[in-house]
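Q: Please take a close look at one part of this model, the strand pairing. Then set that part against the rest of the chain.

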Amino acid sequence: MIKLSHKYSLVFLLSFAVLFSSAQEEVREYTNAGENHHCLKCHGQSFYTFYNDWTELDVRKIMPQEYYVDTVMFYSASHWDFKCTDCHTEDYQTFPHDGELRMEFLNTCVDCHGGDEDWEHFKFEDIEEDFNASVHSPETLPNFSCWSCHDPHSYKLDYRNTEDLISTISKNNDACMKCHNQESHMRLHTDEPFKDLATSHEFLPNQRAHYNKVRCIECHGDLDGEALVAHKILPAEESVKNCKECHSKNSLLMASLYKFQSQENRKKFGFYNASILNESYVIGASKNYILNVFTIVVFALSILAILTHAIILRISKKKNHGK
Amino acid sequence: MANRLYLYPIWLRIWHMINALLFLALIVTGLSMQYSPVENPLIEFQTAIAVHNIAGILIIAAYIIFMVTNFSSSNKKYYVMKKKGLMDRLMKQSRYYAYGMFKGESTPFPVTEDEKFNPLQKLSYVGVIYILLPILMITGLALLYPEFIVHKVFGLNGTMLTALLHMFMGFLLTLFLLIHLYFASLSKKKFANFKSMITGWHEH
């Protein structure tokens, strides 16, 4: 009995140690959390409270959506160890904030990451080049910037996560839907007539399946660009509308959505575009070579058997007549 | 007149004809999507999909009408399989096809008003109507509404499995059609079986 309990306690201790060590790896040292708290105590909540010197009363106000920062998302995002004042002016430290501060210049991706060798592999310059040639270019939409799609307070490097592709696709498409599915957001950038997505994509069979299984940029992004993820968004008339571009053995999805997947192996179970199969089934692209050959061979053999039967029957009939 | 039997009522003939035409459309469009190269398809991809979807829905409707009419008429009796002596009957019929008919023997199970199918024929029809066709139709419908398909089945992509099953059932039924047509041609009088599916009368 004593032996057993020792055994158990050892197992318990070991598993605790494993848990503890793996938890250790994930621990982040939030060096700026204390300082950021000054901002997030208001901006991290949907309501904020302050003391009004004039009325000598505590006042409670709603935090406008555009000034709200989700604290949990912020501290798990790519810029998790940033100080608020790394990007925003230190003048924000006084409250009430000076109205003029809203005119502050805000850096975009290339302002910090451009020309930096450490970030070279993300090809920020190529992204900028793509963006400038896109329908979203500052020339066309002066109010449009990196932050129109990627919220710097929550942006995570999971746009290339291939483990849970469906969730990656959903996050990607959310960036587009923010404006293209909400007229109020669209109006921040343009006065052009708002197009209903369901109507403009009427030609797509199973619209829902397409929205869930592929990113908007598969058809609307220029895949010839150098950026890892297409940032040159094409005008509607230049976007992919031909089903065959994806639904074929040479599916364009292999050059876009599945670009970051492990090396495709056509021989894996005899499937063409095998990596697509992990998450999706694309009619026309997901063909099985072995099954195709098998069915053709069986069909040919069946025809041969029928022909043989017919020939023997004919010969035997002649023979029987002769008797 | 004694040599004639009215075995195929008008509703059955109409269903059979519609079923045949729709099935041919489904085979041709299905083959085009599965085998022909996209760059140079047998039928344009979008056209093939549209025709395949419409024909698929129509063939399901025709199947439901057939089932309802079949079960509410005496025709259902032809699809009842008796277990007792089944193996012997199947062997007897197989022997006839593989040997007896070459010797000029007469068929071991002649067509009567109570039994219009021989044992092998009945087995294949029961298999096709009650097993293969329903699987083909259910998987086809599922592919038409893929949002209802289970995403992963034992770690494998549900839609892929559905599509593979659909394709394989389509293949088996195409094989059935080929064999069906060949055996239909084996009548004493030329095209007699094809004629009876138009007139309704079976001639001995």
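A: Start with the pairing. In this predicted model, strand β1 (residues 47-52) of chain A runs antiparallel to β2(A), and six bridges join them. One of the bridge pairs can be named: F47(A) has I62(A) in β2(A) as its partner.

Now the turn. β1(A) and β2(A) form a hairpin with four residues between the strands. In this hairpin, E56(A) has a positive phi, near 55°.

Next, burial. Strand β2 (residues 57-62) of chain A has six residues, and the number buried is zero. A residue needs 20 or more other C-beta atoms within 10 Å of its own to be buried. None of the six is buried, so β2(A) lies largely in the open.

Step back to the whole chain. Chain A holds 14 helices and two strands. Of its 323 residues, 17% are buried. Among contacts in chain A with a separation of 6 or more, 50% are between residues 24 or more positions apart.

In soluble globular proteins, nonpolar side chains tend to be buried together.

Methods: Residues numbered from 1 in each chain as written. Chains lettered and ligands numbered in written order. Predicted model: local features only at pLDDT ≥ 70, side-chain atom pairs only at ≥ 80, totals over all residues. Buried ≥ 20, exposed ≤ 12 C-beta atoms within 10 Å, placed from the backbone. Contact = placed C-beta atoms within 7 Å. Pairing = 2+ DSSP bridges.
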